[in-house]
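This report covers a surface patch, the nonpolar cores and a set of paired strands.

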Amino acid sequence: KFGIKTPYKQLQVWNLKLSDAGIYTCEYNSYKVRISLHVFKLTISSDGHFLQNEVPELVLTQNSSDPLPELSITFFDSNNKKITQILQNKSHQKYTVNLKKLEAMDSGTWVCQVHSDSPLINQNIPFAVKVLGFQNPDLERKYATVDSPVILSWRLNSQKIKWKEDFTGQLNWKQQEGANAHKLLDFNVTAQGQLHEIKKSSNFLFEIPERKPESTIEVKLPKVHFNHSGQYQCQLEYRGRHAQSKIELVVMKVSANPAGPLSSGGNMTLTCQVSGSLPPSAYLRWERVNGTKLDVKNSKQQEVKLEVNITAAGLWRCHLIEDSDRKISLHYHVEEAPVWINNVIIGASVGGSLLAFALGCLCIISGINWQRRRQRAKRMAQARQYLLENKTCQCQQ
């Protein structure tokens with residue numbers, strides 16, 4: 001515990017504890033030298049292992065000869081940036097401080113700077129902070145078109161910070177906020193950083209890519225359907241605590257009514273639709289390739305469906321635009337009906353008109369004949385009634 005270091009007769013104290021604080025006296029003949037030893041102890045919650053968005057709590061305890069000095073405490077993160085802190089509890093012996101919400105990039109060596117004017121104290125206490133989390137944005141949005149492949153990826157920082165404790169997690173999918181979640185896969189990462197994944201869903205078409213960077217969770221949808229859109233949430237669990245990262249998959253599809261070649265003089269309605277909600281700066285746009293400004297139509301911001309009535313064949317494109325950046329585009333080729341089809345359509349129209357006219361004439365003639373027969377029958381009935389009333393019999397040769 002204690003030792004004398006020669007030749008200068010220095011007193012060494014190992015494994016300092018708070019109880020080691022106090023006044024130390026060195027005596028030589030009639031000379032006395034008194035030295036006050038001040039001891040600090042800094043403890044950090046969760047042993048310095050955190051998930052992103054957690055708030056670390058630090059407790060600084062001091063001990064020395066009375067009276068205990070009043071301390072000023074400042075914290076600096078791994079980038080030497082001063083951190084705003086909230087002092088929860090303060091006494092001259094113990095200071096309890098809550099720091100900011102942690103992000104994955106906050107991992108590293110932090111510094112607790114302790115200062116006092118009387119006695120003069122300037123002490124830097126380094127401590128390690130490890131934040132396990134995702135390097136993805138808080139809310140990532142991924143765009144895809146119907147029938148195209150898409151890969152959703154979550155990048156963990158466990159390799160970067162050399163995490164020594166294993167953790168588990170899962171990947172869930174649901175159509176929208178509040179809907180029932182479907183578990184797609186479970187995963188766990190060992191202390192060596194090896195990632196193991198187990199596919200859980202049997203009724204959802206997706207793959208787990210074989211080649212990917214270390215500590216990266218990926219799922220691949222080989223052929224996106226419109227109903228594959230929604231929220232994909234990857235969740236970490238460590239000692240009963242959770243952290244998650246969400247990717248919103250937005251899918252686009254286009255359709256035409258009527259579907260088929262566009263006849264000369266005809267019209268068609270093209271519909272472009274995206275699933276889910278869009279950010280405030282996003283909108284849809286229809287345009288014809290090599291067309292004019294009259295062939296361009298924009299939706300209102302955040303509208304998820306846009307229809308355009310067209311009379312010109314050609315290649316039409318629907319864009320999803322966000323902050324002047326085209327995120328995805330989908331083509332629809334409108335074919336022009338061949339001449340013979342147009343002639344058939346015209347002939348059918350003319351023939352249909354003639355047929356309708358003939359049927360109309362036939363109906364009129366039949367109606368006239370039916371009216372004449374009705375009137376003749378009425379006259380004969382009146383004649384029979386007249387003869388019966390007068391009891392007269394007529395013979396007709």
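## Surface patch

L11 is partly exposed, with a relative accessible area of 47% (buried is under 20%, exposed over 50%, partly exposed in between; 1.4 Å probe, protein chains only). L11 belongs to strand 2, residues 10-13 (strands are DSSP runs of E, at least two residues, numbered from the N terminus). Together with F2 and I4, L11 makes a nonpolar surface patch of about 310 Å² (residues with over 30% relative accessible area and no salt bridge, nonpolar side chains joined within 5 Å). A salt bridge is a side-chain nitrogen of Lys or Arg within 4 Å of a carboxyl oxygen of Asp or Glu. Areas are Shrake-Rupley values with a 1.4 Å probe.

The model is predicted: local features need pLDDT of at least 70 and side-chain atom pairs pLDDT 80 or more, while totals for chains, interfaces and linings use all residues. Residues are numbered from 1 along each chain, and side-chain values use heavy atoms, without hydrogens or water.

## Nonpolar cores

The largest nonpolar core has 31 residues, and W154, F167, L221 and Y232 have the most contacts inside it (buried Ala, Val, Leu, Ile, Met, Phe, Trp, Tyr and Cys joined through side-chain atoms within 4.5 Å). Among the strands that each supply at least two of its residues are strand 16 (167-174) and strand 21 (241-257). Apart from this core lies another, of 22 residues, including L270 and C318.

## Strand 7

Five of the seven residues of strand 7 (57-63) are buried. T61 is the bridge partner of K41, and K94 in strand 11 is that of T61.

Key: Patches are made of residues with over 30% relative accessible area and no salt bridge: like charges are joined within 9 Å, nonpolar side chains (Val, Leu, Ile, Met, Phe, Trp, Tyr) within 5 Å. Helices (H or I, at least four residues) and strands (E, at least two) are DSSP runs, numbered from the N terminus. Two strands pair if DSSP finds at least two bridges between them.
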